[in-house]
Amino acid sequence: MTTGHGPGPKFAIVGAGPAGFYAAEALDIECPGAEIDIIERLPTPFGLIRAGVAPDHQTTKTIQDAFEQIAQRPNVRIVGNVEVDRDVTIAELAQFYDAVVLASGAPDDAPLDVPGGDLPGVYGAAEFVGWYNAHPDHAGLEPLLDRDSVVVIGNGNVAIDIARILSKSAAELATSDIAAHASERLAQARISDVHIVGRRGPLEAKFTTVELRELGELEEAVAVAESHQIPDAVGSDLSPRDRRVKGKNLECFKSFAQADPSAKARRIRFQFNARPLNVLGNGRVEAICFERTRVENGQVTGTGETLEIACGAVISAIGYRARPLGGLAVSATGDRLTNTDGRIAPGLYVVGWLRRGPSGKIGTNRTDAEEVAALIRSELVVGDKPGLAGLKPLLASRNVRTTDYVDWKKIEAAEIAAALGGEPRRKFATMHEMLAVLGA
Amino acid sequence: MTYVVTEACIKCKFQDCLQSCPATCFYEGENMLVINPEECIDCGACEPECPAEAIMPDTAPDAAKWVEFNRKYSALWPNIRKQGFVPDDADDWVEVEGKLEEHFSPAPAAR
């Protein structure tokens, strides 16, 4: 491992999630000889692979192996436990690196902007998913799961992940890496019904078929839809791709509409064409009121008819917001930084969710990063920048205890050693525990 | 656990799957693609993208022989990451059945 000031270009990538790793890989291909430093706020890399992908989707998490191979390249380094704006500014990074690539995603929840949306028992998906995945920011959430119903708002795969985790048995979760605090709390919960509610209809829902099918195979929960909400066929006005994809989803919904709600102890209930009006409750969530909708020419309009669902918690999976990193301008949609094809300013770029908003799958970030890496190469001006040899002393002068790839492997080994039964690992949920493994 | 490409890909080779793959685990033959079962992470992102509906999970009936087929040819063919040339007559081959016997080419893609 070199500490920089070789002749190649120096790149800093902010964020060690999928977008950051795909950017590192793409820059390594575009600019052979480059030195690439991935700066990460946590001592644990891999971003939403670790803290977003559901803990029972361990095969999906094996994409981590591909990112580990990138991290082990001699010209790629992870600089962990470093938070931009707190420990170092983007302007300082620009002094040390030929290009800075922001890849820190959209980590905050879009607010549930209705009366009662701030009652105890209302959670955003980022914090709820972060809680059950042991993200240090959200480990202390202690969600209210003490009543028999939970409402999940949103019609994407995140809503399905949350409903599935809330509905799985302890035995089904035993081979997951769900946070210990979450599995304990779920074991004490007595949730019998999880409602997944969307503003639009089943054909507009953004679920993928693989995730829907999984809901039909749970041990203790049956997926239920209301047959009058499920159309017979997809519209002929759709593109061939939409006809194919939505047709497969429709087959799932049709089988859910025929399912016997009493077949199993718990239910996951799909409720379409309902938009939240207000959350009701005295000091905490006790119910949520929706207005029925219809979709006309792609627009959602209310019908005036209402629907009330008694519940002890509301989890809104309705999108994410970007943080204004370095005071940079956030787009009007609030979910990305203002940029043109990934360029923010000369030498400053953005990839992944922070570039294009929180959409797509893991692989979408690969093509995204490849596009931006090609742009970076075309605009690259290699100066006499020191890279990590400049950054390290600055961080040391600020008493920042940086972590590297070897440190991550020590944390990972400790998590694997602590695993019980069929768990792949027992995750640390606090920075303190992670750093304690390193004797820091 | 893996997804596999079946004979429905032969002479279609749309390559819409490539963009969705986080693991870059597709390999290119002269007239079809396959998946390396060791590299596939079983996420299923590719399955709905295929216009020929050529991709299936290894849990599907009849998938076993395709797992072996994908394993064999992914070791012999070059990796493909980005969509390249799509045959002009690809659409004409979507509905054709039994393409393995009649039309499969074991040759790697010309590079």
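The model is predicted, so keep its ground rules in mind: local features need pLDDT of at least 70, side-chain atom pairs count only at pLDDT 80 or more, and totals for chains, interfaces and linings use all residues. Residues are numbered from 1 along each chain as its sequence is written, while chains are lettered from A and ligands numbered from 1 in the order in which they are written.

**Chain A: two domains**

- Chain A is split into domain 1 (10-107 + 322-437) and domain 2 (116-319); these bounds come from an automatic or database domain assignment.
- Taken over C-alpha atoms, the centres of domain 1 and domain 2 of chain A are 31 Å apart.
- Where the two meet, 22 residues of domain 1 of chain A are in contact with 22 residues of domain 2 of chain A (in contact: C-beta atoms, placed from the backbone, lie within 7 Å).
- On the domain 1 side of that meeting point in chain A you'll find ten nonpolar, five polar and seven charged residues. Here Ala, Val, Leu, Ile, Met, Phe, Trp, Tyr, Cys and Pro count as nonpolar, Asp, Glu, Lys and Arg as charged, and the others, Gly among them, as polar.

**Chain A: a sheet**

- Three strands of chain A form an open sheet in the order E11-E12-E13, with antiparallel pairing. Strands are DSSP runs (E, at least two residues), and helices are too (H or I, at least four), numbered from the N terminus; two strands pair if DSSP finds at least two bridges between them.
- At the edges sit strand E11 (274-280) and strand E13 (299-310) of chain A, and each pairs on one side only.
- Strand E12 (residues 287-296) of chain A pairs with E13(A) over nine bridges, in the antiparallel sense.
- A:Ile288 stands opposite A:Ile309 in E13(A).

**Chain B on its own**

- Chain B has two helices and four strands, and along the sequence they follow the pattern β-β-β-β-α-α.
- The radius of gyration of chain B (taken over C-alpha atoms) is 12 Å, close to the 13 Å that the globule rule gives for 111 residues, so chain B is as compact as a globular protein of that length. That rule is 2.2 Å times the number of residues to the power 0.38.
- Along the principal axes, the C-alpha atoms of chain B fill a box of roughly 30 × 30 × 25 Å.
- Of the contacts in chain B with a separation of 6 or more, 81% are between residues 24 or more positions apart.

**Where the chains touch**

- The contact takes 17 residues from chain A and 14 residues from chain B.
- The chain B side divides into nine nonpolar, three polar and two charged residues.
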